[in-house]
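Student: Please take a close look with me at one part of this model, its nonpolar core, and then at the loops beside the strands that build that core. I would like one connected explanation.

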Amino acid sequence: QVQLVESGGGLVQPGGSLRLSCAASGGIFRINTMGWYRQAPGKQRELVATTTTGGNTNYADSVMDRFTISRDNAKNTVYLQMNSLKPEDAAVYYCYADLVTTWGRRSDYWGQGTQVTVSS
C-alpha cells in the first residue's frame, strides 16, 4: 500500500531553519502534485506549498520567500526548506501526494505529520 513518510521536524528558535522530507512508496505508478500542508492547534489545515511533476510551484502568501519546496521525482520525494522561521509557523506539517497507483487508482494520500515547534 502507499505510504508517505515524513521526517525533519523538530524544535527551532525564531529565525532558524528546518528541512522537511517526505518519501512516498508502495505501488506508485505516477505522482502528480506533491506538497505540504500544516495544521496549528485550533486551526484548520492549510496549504503551505505544492509542486507538480513539471516543477511548477505554489506557495501560501505567509511563507513566500521564506520556504522553498523541491522534489526528486526519481525518489518520489518532496522537500520543504524552511528559513526565517516564525512562531506562527509552528504546526504539524503534513505531506500530501496526488498520485496514481499501479492498480489504477488515483487518489490523495497524506503522511502522518511531523511537528515543527518554533520557540526561544
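Tutor: Helices (H or I, at least four residues) and strands (E, at least two) are DSSP runs, numbered from the N terminus. The model is predicted, so local features need pLDDT of at least 70 and side-chain atom pairs count only at pLDDT 80 or more, whereas totals for chains, interfaces and linings use all residues. Residues are numbered from 1 along each chain as its sequence is written, and side-chain values use heavy atoms, with hydrogens and water left out.

A nonpolar core is a set of buried Ala, Val, Leu, Ile, Met, Phe, Trp, Tyr and Cys residues joined through side-chain atoms within 4.5 Å, where buried means under 20% relative accessible area, exposed over 50%, and partly exposed in between (1.4 Å probe, protein chains only). The largest such core holds 31 residues, and L4, W36, V48, F67, L80, M82 and Y93 touch the most other members. Among the elements that give it two or more residues are strand 7 (67–72), strand 8 (77–82) and strand 9 (91–101), and the largest share, 5 residues, comes from strand 9.

Now follow the chain into the loop between strand 8 and strand 9, where S84 sits. Most residues other than glycine have a negative phi, but S84 has a positive one, near 50°, and at 40% relative accessibility S84 is partly exposed. D65, in the loop between strand 6 (57–59) and strand 7, also has a positive phi, near 75°, and D65 is exposed, at 77% relative accessible area.
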